[in-house]
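Please keep the sequence and the structure in view while reading.

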Amino acid sequence: MATEKFALQCSACKSVNYVKSKNRATNPDKLVLKKYCRRCRRHTEHNETRLRR
Ligand SMILES: [Zn+2]
């Protein structure tokens, strides 16, 4: 199965707060999720971004 890891990045401060994985075959869309950002100390929109190693 082609599950792919990606990071969720805060759209306000650009810090990477979450790592998720998904199947790119069934979920090709870019994710935008409302998540709690520790740096902003509030819920912000988090965008899918490539996980760098
Ligand atoms: Zn933030």
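A strand is a DSSP run of type E with at least two residues, and strands are numbered from the N terminus. By this definition, Lys22 has its place in strand β2. The model discussed here is a predicted one. The protein contains four strands and zero helices, and its pattern along the sequence reads β-β-β-β.

**Overall form**

- The C-alpha trace of the protein spans about 35 × 20 × 10 Å along its principal axes.
- The protein has 53 residues, of which buried residues make up 11%.
- Of the contacts between residues at least 6 apart in sequence, 46% join residues at least 24 apart.

**The sheet**

- In what order do the four strands lie in the sheet? The order is β2-β1-β4-β3, in an open sheet with antiparallel pairing.
- The edge strands of this sheet are β2 and β3, each of which pairs on one side only.
- From one strand to the next, the twist averages 40 degrees.
- As a general point, the strands of a sheet pair through backbone hydrogen bonds, in either a parallel or an antiparallel manner.

**Strand pairs and their bridges**

- Strand β1 covers residues 3–10 and strand β2 covers residues 16–23; the two pair in the antiparallel sense over seven bridges.
- Within this pair, Glu4 stands opposite Lys22 in β2, and Lys5 has Ser21 in β2 as its bridge partner.
- Strand β1 also pairs with strand β4 (residues 42–50), in the antiparallel sense and over five bridges.
- Gln9 has Asn47 as its bridge partner in β4.
- Strands β3 and β4 pair in the antiparallel sense over six bridges.
- Leu33 has His46 as its bridge partner in β4.

**The loop between β1 and β2**

- The hairpin of β1 and β2 has five residues between the strands.
- Lys14 is found in this loop, and its phi is near 70 degrees, a positive value in a residue other than glycine.
- Is Lys14 buried or exposed? Lys14 counts as exposed because it has 10 C-beta neighbours inside 10 Å, and a residue with 12 or fewer is placed in that class.
- Ser15 is also found in the loop between β1 and β2.
- Ser15 is partly exposed, because 13 other C-beta atoms lie within 10 Å.
- Leaving aside residues up to four places away in sequence, Ser15 touches Cys10, Cys37 and Arg39.
- Ser15 and Cys37 are 22 residues apart in sequence, and their C-alpha atoms are 8.2 Å apart in space.

**The loop between β3 and β4**

- Arg41 has its place in the loop between β3 and β4.
- Although Arg41 is not a glycine, it has a positive phi of about 55 degrees.
- Arg41 is exposed, because 8 other C-beta atoms lie within 10 Å.

- Why is Lys22 described as partly exposed? Lys22 has 16 other C-beta atoms within 10 Å, and the partly exposed class lies between the exposed limit of 12 or fewer and the buried limit of 20 or more.
- Lys22 touches Thr3, Glu4 and Asn27, not counting residues up to four places away in sequence. Of these residues, Glu4 is the one that stands opposite Lys22.
- Lys22 and Phe6 are 16 residues apart in sequence, with a C-alpha to C-alpha separation of 7.9 Å.

**Lys35, a residue of β3**

- Lys35 has its place in strand β3, which covers residues 32–37.
- Lys35 counts as partly exposed, because it has 14 C-beta neighbours inside 10 Å.
- Which residues does Lys35 touch, not counting residues up to four places away in sequence? They are Leu8, Asn17, Tyr18, His43 and His46.
- Lys35 and Val16 are 19 residues apart in sequence and 11 Å apart in space, C-alpha to C-alpha.

Methods:
Residues numbered from 1 in each chain as written. Predicted model: local features only at pLDDT ≥ 70, side-chain atom pairs only at ≥ 80, totals over all residues. Pairing = 2+ DSSP bridges. Contact = placed C-beta atoms within 7 Å. Axes fitted to C-alpha atoms, helices over the stretch in contact; angles between N-to-C directions.
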